[in-house]
Amino acid sequence: MLLGAAFIVLGEFCFASMGVGIRIVSAELPNAMVVFGRNLIGLMLIAPWLLRHGLGDVKTAVPGLHLLRAMAGLGAMYCFYYAIAELPLAEAMLLKLTAPIFIPLIAILWLHERVTALLWVALGIGFAGVILILEPDLGQHWAGISPVALIGLLGGVLAAVAKVTVRRLSRSEPIGRIVFYFALVGVSVSALPLFWDWQTPTFVALLWLFGIGMAATLGQLALTRGLSLAAASSMGAFGYFSVVFGAGYGWLFWGEPLTLTLVLGSLLIAIGGLLASRSSNFRPIEPTPAAEPTVSGVNNRPAAKVTSSP
């Protein structure tokens, strides 16, 4: 459980770092270009794995689940990138973190995961920490529910669907294959808007796009590994750490102050994460002993079956 949480926190750090690049490059390029660039570079980073293992390793018996995960993730990406470009970074991270609210509901209905009362308390404490950190910024938007906020909330719902789908896929699919199909579908679909929204990027913008793609791919690998080690519902609270990272980046690059509410909110987030880690009797999916490492250093062979009903 703790190892899964560590991978989730690492993934959220990568996503917060990606957010910095998105905000900077979005001043020059439209949203469609940023999303496409992120997916193209992500696919390029996965290509060495594909060349090494051949097309046989991308064969799957669940193409529909891969498509659902990719389309939900891509939709969340469009919403999230737009929110980052239009809102303060920490506030955009909050909108992204509405996903953990929906994850337990989806996990209960679809994966039949057991969600305890303690887990609900943990999620509530974690979300209270987020509200405490961002409450001054939320006031000016939540009164009228701005269109940008609604788009961010939609991104949270889609992200929840994508994360729970990853959990379902991890029962039989290796991590490299999951990330590969996400990158492949992402590039194919995000290329379509370029027919009417193309803009040639500068060299500096290309460097930022590469950094965004690398951070996003590393984040996806870490997130996928984390969700394969623990129940999707119990991992939701750890996603709140991206708000802490986002607030830190906001202070470092844009002068957003580190306040007492940030410290207290961070404490609540940590407490919520620890409670969540103790609230489930779930046993992780174990990789096969003969597994080979992928380019990310995690197991590449299909995981063994779930040893307990999630």
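Student: Which residues lie nearest the centre of the largest cavity, and how many line it?
Tutor: In this predicted model, Gly-73, Ala-76, Lys-96, Ala-159 and Gln-220 lie nearest the centre, and they belong to a lining of 27 residues.

Student: What makes a residue part of that lining?
Tutor: A lining residue has an atom within 4 Å of a cavity point, and 27 residues line the largest cavity.

Student: Why is this space called a cavity and not a pocket?
Tutor: The term cavity is used because a 1.4 Å probe fits at its points but cannot get out, whereas a pocket is an open set. The search of the whole structure finds four cavities of 30 Å³ or more, and the largest has a volume of about 360 Å³.

Student: Which helices supply at least two residues each to the lining of the largest cavity?
Tutor: They are α1 (2-25), α3 (63-86), α4 (89-96), α7 (147-169) and α10 (203-229), in a protein that has 13 helices and zero strands.

Student: What share of the protein is buried?
Tutor: Buried means under 20% relative accessible area, and such residues make up 54% of the 310 in the protein.

Terms used:
Residues are numbered from 1 along each chain as its sequence is written. This is a predicted model: local features need pLDDT of at least 70, side-chain atom pairs count only at pLDDT 80 or more; totals for chains, interfaces and linings use all residues. Side-chain values use heavy atoms; hydrogens and water are left out. On a 1 Å grid over the protein atoms alone, a cavity is a set of points where a 1.4 Å probe fits but cannot get out, and a pocket is an open set with protein on both sides within 12 Å along at least five of seven lines; lining residues have an atom within 4 Å of a point. Grid points are joined across faces, edges and corners, and a volume is the space filled by probe spheres set on the points. Helices (H or I, at least four residues) and strands (E, at least two) are DSSP runs, numbered from the N terminus. Buried means under 20% relative accessible area, exposed over 50%, partly exposed in between (1.4 Å probe, protein chains only).
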